[in-house]
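Trainee: I have a new model open and would like to learn how to read it. Could you walk me through it, feature by feature?

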Amino acid sequence: MIDTHSHIYLKDFDADRLAVIFRAKNAGVEHIILPNVDSSTLSAMLELEATEPQFFHAAIGLHPTSVKANYADELALIRAELDNRNYCAMGEIGLDLYWDKSFFREQLIVFEQQLQWAVERNLPVIIHVREAFVEVFEVVKKYQQDLKGIFHSFGGTVDEARQIMSLNNFKMGINGIITFKNSSLSETLSQVPLEYLVLETDAPYLTPVPHRGKRNEPAFLQFVAQRLAEIYQISEQEISEITTQNAKSIFSRICE
Ligand SMILES: [Zn+2]
């Protein structure tokens, strides 16, 4: 299995990170993609990646909730990193109108700039979208000819899923939300072939049942895979294999 979205470089894991990694491998996790948040997370992310560069794969990007008045300085750092070394993706990037709408104009500038860099450098994108699907989709469509990537933490409607499937080369990241009783995601997925899905935890957030309410970690990917096996009526092994292939088709650099 590939955890295509995990923030285990955050302080939440400082006390027991090695045990978390050990449990992930025991649960069958073969690769973990680490999306960046902003300048405050970069060094911790890179330090973790350096401990096991075949297992951890860093993505670079400025998260929409970190877009504030100083966004130009933050973007300059992202640009410098892109020039500095290879990353597996641009992420996480996108638009978030749930937490704070006051920097929406700046969020749009930052998102579009990072999409352009992804196109120029042939990098897949990891997209964060919260209460802004229409706005995100409008920008992604402009560049879709030359773009591939993930709509991370997908929990949307059938209509949104159809729009994503209409793009050239995009998949949906499925996490603990699929195990929540009040979620309509399983009904949405009845209209979505498995070839469009990848697994993610979004650790430390969105912990799946039966651990809901506690800190999430990559080993819990197995509960997402189990739930998908029920929904698609195939084995957990097949879910692992198919979603791993899907992830590799987007993040081609991790298998180099
Ligand atoms: Zn994230």
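Trainee: Let me start with α9: which strands does α9 lie across, and at about what angle does α9 run to β8?

Mentor: First, a word on what you're looking at. This is a predicted model, where local features need pLDDT of at least 70, side-chain atom pairs count only at pLDDT 80 or more, and totals for chains, interfaces and linings use all residues. Residues are numbered from 1 along each chain as its sequence is written. Helices (H or I, at least four residues) and strands (E, at least two) are DSSP runs, numbered from the N terminus. Axes are lines fitted to C-alpha atoms, for helices over the stretch in contact, and angles run from 0 to 180 degrees between N-to-C directions. Now your case: α9 lies across β6, β7 (170–174) and β8, and runs at about 100° to β8.

Trainee: What is the order of the strands in the sheet?

Mentor: The general idea comes first. Strands of a sheet pair through backbone hydrogen bonds, either parallel or antiparallel. Two strands pair here if DSSP finds at least two bridges between them. In this model, five strands form an open sheet in the order β4-β5-β6-β7-β8, and the pairing is parallel. β4 and β8 (197–199) are at the edges with a single partner strand each, so one side of each has no neighbour in the sheet. From one strand to the next, the twist averages 30°.

Trainee: Which strands does β5 pair with, and over how many bridges?

Mentor: On one side, β5 pairs with β4 (residues 90–96) in the parallel sense over five bridges, and Gly-94 stands opposite His-128 in β5. β5 is also joined to β6 (residues 149–151) by three bridges, again running parallel. There, Ile-126 stands opposite Ile-150 in β6, while Ile-127 has Phe-151 in β6 as its bridge partner.

Trainee: Is β5 (residues 125–130) mostly covered or mostly open?

Mentor: For this we count neighbours. A residue is buried if 20 or more other C-beta atoms lie within 10 Å of its own, exposed if 12 or fewer, and partly exposed in between, with C-beta atoms placed from the backbone. β5 is mostly covered, as five of its six residues are buried.

Trainee: What kind of unit do β4, α4 and β5 make?

Mentor: Here you look at the crossover, which is right-handed if, with the strands pointing away from the viewer, the path from the first strand over the helix to the second runs clockwise. β4, α4 and β5 make a right-handed β-α-β unit. Another right-handed β-α-β unit is made by β5, helix α5 (residues 133–143) and β6.

Trainee: How do the axes of α3 and α4 cross?

Mentor: Angles under 35 degrees count as roughly parallel, over 145 as roughly antiparallel, 65 to 115 as roughly perpendicular and the rest as oblique. The axes of α3 (residues 71–84) and α4 (residues 104–121) come within 11 Å and cross at roughly 10°. That makes α3 roughly parallel to α4.

Trainee: And which residues of α3 meet α4?

Mentor: Two residues are in contact if their C-beta atoms, placed from the backbone, lie within 7 Å. From α3 come Tyr-71, Leu-75, Ile-78 and Leu-82, which meet Glu-106, Val-110, Gln-113, Gln-114, Trp-117 and Arg-121 in α4. The residues of this contact divide into six nonpolar, two polar and two charged. Ala, Val, Leu, Ile, Met, Phe, Trp, Tyr, Cys and Pro count as nonpolar, Asp, Glu, Lys and Arg as charged, and the others, Gly among them, as polar.

Trainee: Where is Ser-153, and is Ser-153 buried or exposed?

Mentor: Ser-153 sits in the loop between β6 and α6 (158–165). Ser-153 is buried, because 22 other C-beta atoms lie within 10 Å. Its phi is positive, about 55°, although Ser-153 is not a glycine. Gln-233, in the loop between α8 and α9, also isn't a glycine but has a positive phi of about 55°. Gln-233 is exposed, with 6 other C-beta atoms within 10 Å.
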